[in-house]
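Welcome, and thanks for stopping by.

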Amino acid sequence: MRFLPVFLDLQTGPIVVVGQGELVRAKLRLLLAAGARIRWYATDGNRDTAGLDAEGVAHIEHVEGDPVTADLSGVIAVLCAGAGELGHAVAARAKASGVPVNVMDELAHSTFIFPAIVDRGDVVVAVGTGGASPVVARRVREKIEAMLPARIGDLAGFIGRWRQPINAKISEAPLRRRFWERIVDGPIGTKVLAGQIQEAEQALTAIPDPSAFAGATAEGTAKGHVTLVGAGPGDPDLLTIKALRALQDADVVFYDELVSPEILDRIRRDASRVPVGRRIGKPGIGQSATNTLLVEAARAGQRAVRLKGGDPFIFGRGGEEIEFLRDAGVSYSVIPGITAGLGAAAMFETPLTYRGEALRITFLTAHKEKDADKVDWSVLTDVKMTVVVYMGMTAAPAIRTGLLAAGRSPQTPVGVFARVTRPDAQAAVGVLEDLPALVDQIEGGPAVLIIGDVVAHSAPWRAAQINKLVSDLLVAAE
């Protein structure tokens with residue numbers, strides 16, 4: 001993120017506008033809609049304000065002279081649109097004076113840019129692409145326009161009117177936040193969005209105890225809760241809506257090493273973030289310490305999220321954590337996530353079941369060779385069973401040995417699927433006897449191994465067969 005989104009208070013000073021034509025008039029309309037006071041240097045001498053808001057025009061001061069020598073004291077920002085080379089000179093002067101400046105469509109001469117804007121009164125959404133593509137920003141704005149309720153600004157104004165009176169009755173900041181979350185997400189917020197302002201006012205005033213409404217304990221403090229959240233295999237778009245809401249509501253998030261940075265960006269900005277996971281061969285704080293941290297956070301009245309790669313209950317130790325929370329008397333809930341095996345199947349078109357071919361699935365983990373030695377491979381030899389191995393890259397030689405010794409065919413299709421659903425995902429496919437060599441083709445994990453005839457239906461397998469056919473034809477042609 002190169003450009004930090006900020007909102008200027010246009011009541012604190014004037015905006016200097018330099019330019020001409022429709023380009024500058026478009027910016028004038030935008031500024032007037034925000035209530036700006038404007039000093040306009042019309043570089044072509046045409047001060048026609050037709051088409052602009054009649055009341056807003058009164059806030060435009062027409063200025064003569066050279067804008068390069070303009071008095072910039074007290075000016076909030078400078079905007080040049082349709083000003084040509086003069087805009088460059090004005091921008092240099094503004095920069096030297098420490099005044100933010102935008103030269104339309106020229107990043108090199110600008111210190112800020114205009115985003116695409118969704119205006120809902122008290123709710124304003126700004127969409128930027130760092131100046132790279134205004135068209136993309138507009139397309140994103142269109143999608144947001146379609147999603148946002150028409151009266152979302154009314155809801156913000158409603159809360160703004162009641163915020164101080166209600167907050168005066170609730171001493172703890174976490175309880176205040178939870179109170180307003182319940183208002184926004186509940187029937188009162190629904191009434192406002194439906195235009196039933198009077199009914200919403202009556203419902204709000206009818207709340208006898210705002211702290212209790214916010215979920216306070218008998219002592220009047222915030223009630224703690226722990227939510228185990230499955231983050232999925234890496235793609236932030238695979239987060240469930242419920243998981244995203246938990247991340248936005250959290251006071252503290254304890255996250256695994258494998259949770260992608262893009263998913264961590266979905267956490268509420270002012271929530272605490274605590275790394276508690278570990279990678280193979282690297283130290284971590286340990287499960288016992290993690291359990292203790294979760295209980296301590298809940299007892300301190302915090303809403304804690306335990307954020308795990310994949311799904312909490314598939315090799316995520318979620319079962320151990322909820323037992324510890326239950327024994328400690330801590331409130332908890334679980335939000336499932338897409339496990340890596342399913343992510344690999346979807347991304348690489350590998351059906352884990354297939355009519356008449358694969359009727360059963362087994363998930364297992366073997367991140368060390370000694371773990372693979374403990375597996376009863378004899379129960380995994382059914383040709384109609386798909387075997388999905390988590391954390392199996394290191395133990396790949398032992399996995400191959402175990403399955404072959406138990407009777408699984410050395411020609412069984414297998415796939416190694418790494419960093420699934422992420423932009424740098426990678427796949428290597430072949431047969432069971434070559435499994436260690438396939439792992440060597442992968443440039444780092446995490447990865448899942450899928451073993452079974454279903455791999456022959458995968459996109460990488462089909463691509464490999466086409467490549468082999470082309471190679472054979474070229475050899476034959478020689």
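## A strand with two buried faces

From strand S17, the side chains of Ala447, Leu449 and Ile451 point one way while those of Val448 and Ile450 point the other way, and all of them are buried. Buried means under 20% relative accessible area, exposed means over 50%, and partly exposed lies in between, using a 1.4 Å probe and protein chains only. In a regular strand the side chains alternate between the two faces of the sheet.

This is a predicted model, in which local features need pLDDT of at least 70 and side-chain atom pairs count only at pLDDT 80 or more, while totals for chains, interfaces and linings use all residues. Residues are numbered from 1 along each chain as its sequence is written, and side-chain values use heavy atoms, with hydrogens and water left out.

**The whole protein**

- The protein has 18 helices and 17 strands; helices (H or I, at least four residues) and strands (E, at least two) are DSSP runs, numbered from the N terminus.
- Its radius of gyration is 30 Å, whereas a compact globule of 478 residues would have one near 23 Å. The radius is taken over C-alpha atoms, and the globule rule is 2.2 Å times the number of residues to the power 0.38.
- Along the principal axes, the C-alpha atoms fill a box of roughly 90 × 80 × 40 Å.
- Buried residues make up 41% of the 478 in the protein.
- Among contacts with a separation of 6 or more, 63% are between residues 24 or more positions apart; a contact means heavy atoms within 4.5 Å.
- The protein exposes about 24600 Å², and carbon and sulfur atoms supply 54% of that area. Accessible areas come from the Shrake-Rupley method with a 1.4 Å probe, and for residues only the protein chains shown count as cover.
- The mean positions of the 51 positive and 55 negative charges are 3 Å apart. Lys and Arg count as positive and Asp and Glu as negative, while His and the chain ends are not counted; each charge is placed at NZ of Lys, CZ of Arg, CG of Asp or CD of Glu.

**S17 and its partners**

- Five of the five residues of S17 are buried, so this strand is largely enclosed by the rest of the structure.
- S14 (residues 385-390) runs antiparallel to S17, and four bridges join the two. Two strands pair if DSSP finds at least two bridges between them.
- S15 is also antiparallel to S17, joined to it by five bridges.
- Val448 in S17 is the bridge partner of Tyr390, and Val448 is the bridge partner of Phe417 too.
- S15 and S16 pair in the antiparallel sense as well, over six bridges, with Val414 opposite Gly430 in S16.
- Five of the six residues of S16 are buried, so S16 is largely enclosed by the rest of the structure.

**Backbone details in the loops**

- The peptide bond from Gly445 to Pro446 is cis, with omega near 0 degrees. Pro446 sits in the loop between helix H17 (435-440) and strand S17 (447-451).
- Arg419 has a positive phi near 50 degrees, although it is not a glycine. Arg419 lies in the loop between strand S15 (413-418) and strand S16 (426-431), and it is buried at a relative accessible area of 8%.
- Thr421, also not a glycine, has a positive phi of about 75 degrees. Thr421 is placed in the loop between S15 and S16 and counts as buried at 15% relative accessibility.

- Thr290 belongs to helix H12 (residues 287-299) and is buried, with a relative accessible area of 2%. Leaving aside neighbours within four places in sequence, Thr290 is in contact with Val276, Ile285, Arg306 and Glu321.
- Met391 is in the loop between S14 and helix H16 (396-406) and is partly exposed at 35% relative accessible area. Met391 and Glu219 are 172 residues apart in sequence and 46 Å apart in space, C-alpha to C-alpha.
- Asn46 is in the loop between strand S2 (37-42) and helix H2 (54-57) and counts as partly exposed at 34% relative accessibility. Asn46 and Gln20 are 26 residues apart in sequence and 7.5 Å apart in space, C-alpha to C-alpha. Not counting residues up to four places away in sequence, Asn46 touches Arg25 and Trp40.
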